Amino acid sequence: MNCKNLFRFALALLLIVTGSAVFAHGVDEQTKAFLVGNEGAAFIPFLYIGAKHMITGYDHILFLAGVIFFLYRPKDILIYVSFFTIGHSLTLLLGVLGNISINAYLIDAIIAFSIVYKGFDNLGGFRKIFGFQPNTKAAVLIFGLFHGFGLASKLQEFEMAQGGLLANLIGFNIGVEIGQFIALSFVLLLISAWRQFASFERFSTLTNTLLMTAGFVLIGYQLTGYFTQ
């Protein structure tokens, strides 16, 4: 695949993901029925649901794509992804077990903002416009906390039975990590292949601008939902 075709593929993928994020990121009817009717521990089903939700959670994947976009060393990728994982794992458990309720539209708007933030950060916007650079690891951890509340808000909608709840949440969270690993591996392979071509540096500005655009689209969608609900 030459560099032009690779870039076109990446652009098409971003546009498809953005459109899908608006219309498909949710819980299907079969999963809804299971979550509402389940009683007791169901570790494996919740593991599967968590993995499926993360793979179709395009807002989470877009943010992580921005996080690893300019990371070249496996050690750095592992560190940043670990900060994100710690953040969303904490608030996923805290949100559900502590019954901390945040409006789903608002939390998803903040998650969408994290995409804008990361694209802006990748463009060097903070240094160019504000003259400083925020701590990138702290930002990933903080946004990870919000992403976790987003995951929690999806589960809280179904008022799940208390029996076996902790085991189910652990299964769901492990599933989220599995889904995250699968999706992130695909994104990393795509970015790593693109880095072999000179077009990576040439189009990196456009790509991160498109990433910001996707975030703004999602923010608009979520805020529209909030004000019209």
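Before you click, note that the model is predicted, so local features need pLDDT of at least 70 and side-chain atom pairs count only at pLDDT 80 or more, while totals for chains, interfaces and linings use all residues. Residues are numbered from 1 along each chain as its sequence is written, and side-chain values use heavy atoms, leaving out hydrogens and water.

**Stop 1: the helix pair.** Select residues 58-68, helix 4, and residues 165-194, helix 9. Helices here are DSSP runs (H or I, at least four residues), numbered from the N terminus. The two pack at about 45°, with axes 10 Å apart; axes are lines fitted to C-alpha atoms over the stretch in contact, and angles run from 0 to 180 degrees between N-to-C directions. Helix 4 and helix 9 are therefore oblique to each other (under 35 degrees is roughly parallel, over 145 roughly antiparallel, 65 to 115 roughly perpendicular, and the rest oblique).

Now show the residues in contact (heavy atoms within 4.5 Å). Helix 4 brings Ile61, Leu64, Ala65 and Ile68, and helix 9 brings Gln180, Ala183, Leu184, Val187, Leu188 and Ile191.

**Stop 2: Gln180.** Stay in helix 9 and select Gln180. Gln180 has 4% relative accessibility and counts as buried (under 20% relative accessible area; exposed is over 50%, partly exposed in between, with a 1.4 Å probe and protein chains only). Beyond neighbours within four places in sequence, Gln180 contacts Met54, Leu64, Val81, Phe84, Thr85 and His88.

**Stop 3: Leu169.** Select Leu169, also in helix 9. Leu169 is buried, at 0%. Which residues does Leu169 touch, not counting those up to four places away in sequence? Look for Leu93, Val96, Leu97, Leu155 and Met160.
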